[in-house]
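Trainee: Please take me through a close look at how charged side chains pair up in this model. I would like to understand their setting as well as their partners.

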Amino acid sequence: MKKLLIGLVIIFISLNSWSQKKYTISGHINDESGEELIGATVYVENTKTGTATNTYGFYSITLPEGNYQIVFSYLGHNNQLQSLQLNQNQVVNITLTQASKTIEEVTISAKRKNDNIIRTEMSTMKMQAKEIKLVPALFGEVDVIKTLQLMPGVQSTGEGFSGFNVRGGSPDQNLILFDEATVYNASHLMGFFSVFNNDAIKDIKLYKGDIPSEYGGRLSSLLDIRMKEGNLKKFEATGGIGTISSRLTLEGPIIEDKWSVLVAGRRTYADLFLLLSSDESLKQTSLYFYDLNLKTNYKINDKNRIFVSGYFGRDVFSFGDMFGWDWGNYTLTTRWNHVITEKLFSNVSFIYSKYDYIMESGSGASGFKWTSNMEDFKLKGDFSYYPNPKNTIKFGVEAIYHHFNPGFARGMGGSSSMYNSLKMPESNALEYAIYLSNEHKILENLTVNYGLRGTMFQNMGEATVYNFNDNYVKIDSTIYKQWDIYNTFYGLEPRISLNYTLNSRSSIKASYSRTKQYLHLASNSTAGSPLDVWLPSSPNINPQIADQVALGYFRNIWSDIVETSVEVYYKDMDNQIDFKDHATLMLNPELEGEFRIGEAWSYGVEFLIRKQQGKFTGWISYTLSKSERKIPEINYGNVYPSTYDKPHNLAIVGNYDLSKRFVVSATWVYTTGAPVTFPTGRYEYENMIIPIYSDRNGYRMPDYHRLDLSVTLKSKEKPNKRRRSELNVSVYNVYNRHNAWMITFSQDPENPDITKAEKVYVFPIIPSLTWNFFF
């Protein structure tokens, strides 16, 4: 009888709570300039529940009728406490003010909620532009990607390069989005700088695993970079004059609180100094890159907002009439945010991306020109539904049209040209995706995020497809008419992650994800080059597939201002692409015959200690990892290290505010040398020396390490004065370590029977000076 009464009471309470009226609080959270804050926290103190803003600054939470104390917070900003009497649906838009350094230590760290502990996502790194700005940089050029290379699980492709590998994957397995548009080549000056102007960036987030269901198309990582939206309150200008480049960003309202615009430009000027040379050939040399970022956003009303953004960047290198080379990216993103109901938010986007390059040499009959490009047209719709505080549902669809023009080389002298035209087959493809996910708080200390992504990829004519036998020799070709669908791939990509919170300062997380990749990069360079060729999956190339599992322990210490974590992961990859020995990848119409397909795997453990508040900030990251491949036609079918196998990777980054005006920063990095194939012997044939090579990646380059330092001097703050400036002095490679960029082998001129190995290094100690200004 007692048990029956207890059961009836439980049922009554449940029915009573179910029948209790519920209402929704929703709105946007922004900073003082009107910029929407991504991932800002909404915490209900009464119920110990909460939510966070989405990538467009929107939040929604449904609660029973009553009185509530709600804290709105965002890192580096003052918390805002709102007392609400909830008896109807309410729209509550919040503006958070930026915290000063002195306030930040006391207020922010004391009240900021432990997002890194309670959120389900793992294997992610979130950074702000102001944090990246403090890190010492090559030539003083602040670089988003090079800063991310200092994080666990992320490695540089080479000395000074902005390319990166994530958890043993190749560079083309990283999806790089800039305001939702795909960037296919994120490098300037042959890879030494990235295409992202830090002054125009609002938010940076890297997913090394546990990629959300709304994203796909790459195996290893997602780098999601969001551009600033433009100040809705007042006009602002930011810029800098540096050792090799200058930049300027202008932003402000066209109509206050309703319509804003942002324009950001950057250009190097090494070629301007060449004009001062007495050498006429040098005067005719061009060597520069430029970036232009444009964005405007218009608030139609509280429920509708339009964004239009674009990126235009170009590299130019020419030597008079002898040689010319230029390449670049173009992106255009148009977005419509719409609040359908208090619980349902939508974003519809049209996105255009293009990458192309042009190379010219000579003129007249001896001249030739080589062009290549690829284009994407994407339409996507994303929806967020907030039924209650325990569930956040996301769903959406997308469709992409891909066009590939791998290369067309032709003579420039007409009928008298020395060169015949050579055109690689163009191709087209359609890619579709649909996804559904739910972040579900099952218990007070257990939250699960589960989702499913379905994809389909279709090859479409007009196209010429070469057919190969088992020895990769072309036997014939098949021609398809325009619009013909001649090949289809499809698949499901389940994603799941869970968070078990041990207490307010520690949690255990786990995740599993499957990802598929339908586009592939043909490159025999670890760092990549502007001449790399992208091509789609086809009847000859299956999509790449990866399954990754990860387990992590997360803990905050020292009053929650220091974040620590350790993660272990294992990634298994199928249909992995490598190339046969001495492969021909440039202007090869039968390029697919150079591919060799097999399997790969990587595993490791990552450690991170990070402090983002107070006078001293920075992090220590260490990764111990292994990455291997097995491809039947390579290395006699034996397992060999992948090009990205660097077992030890350590980075120490520190920033210290000596005073309100002086900031000192330092970075020290150490990595194991990359695997490489070296000649181990030689023989002579018809008076020629023929090298004999080791197993694939059988040797390693020397280990890499480097120390960088910088000092920033800020101008005196004056009351009611918006103008301010700072002077930054950076030193790259302080102790002048000659890190090997390449090792070459040549015969000793005095004794042809001896082969010498010579180390080539690129960067000695490099000082730089940058003046930044703000008004």
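Mentor: Let us start with R629, which has a relative accessibility of 8% and therefore counts as buried, the cut-off being under 20%. Please keep in mind throughout that this is a predicted model. The partner of R629 is D578, and the two side chains meet in a salt bridge with an N to O distance of 3.7 Å. This pair links distant parts of the chain, since R629 sits in strand 39 (residues 616–630) and D578 in strand 37 (residues 562–579), 51 residues apart. D578 has a relative accessible area of 13%, so this residue is buried as well.

R610 forms a salt bridge with E131, and their closest N and O atoms are 3.1 Å apart. Here too distant parts of the chain are linked, with R610 in strand 38 (residues 595–611) and E131 in helix 4 (residues 129–133), 479 residues apart. R610 has 5% relative accessibility and so counts as buried, while E131, at 15%, counts as buried because it too falls under the 20% cut-off.

The side chains of R495 and E493 form another salt bridge, with 2.6 Å from N to O, and both of these residues are buried. Over the whole structure, a search finds 41 salt bridges, and some of the charged residues are linked beyond simple pairs.

The search of the whole structure finds 8 cavities of 30 Å³ or more. The second largest cavity, with about 190 Å³ of space, is lined by 19 residues, and L175, G216, K378, E398 and I400 lie nearest its centre. Two or more of its lining residues come from each of strand 12 (174–178), strand 25 (368–388) and strand 26. By class, this lining is made up of 9 charged, 6 nonpolar and 4 polar residues.

The largest cavity holds about 270 Å³ of space, and its lining has 16 nonpolar, 5 polar and 3 charged residues. Of the 24 residues that line it, P425, S427, T464, L535 and E592 lie nearest the centre. Strand 26 (391–411), strand 30 (463–468) and strand 35 (533–536) are the elements that give two or more residues to this lining, and strand 30 provides the largest share, with 5 residues.

Conventions:
Residues numbered from 1 in each chain as written. Predicted model: local features only at pLDDT ≥ 70, side-chain atom pairs only at ≥ 80, totals over all residues. Heavy atoms only, no water. 1 Å grid on protein atoms, 1.4 Å probe; cavity = no way out; pocket = protein on both sides within 12 Å on 5 of 7 lines; lining within 4 Å. Points joined across faces, edges and corners; volume = space filled by probe spheres on them. Helix = DSSP H or I, 4+ residues; strand = E, 2+ residues; numbered from the N terminus. Nonpolar A, V, L, I, M, F, W, Y, C, P; charged D, E, K, R; others polar. Salt bridge = Lys/Arg side-chain N within 4 Å of Asp/Glu carboxyl O. Buried < 20%, exposed > 50% of the residue type's maximum accessible area, 1.4 Å probe, protein only.
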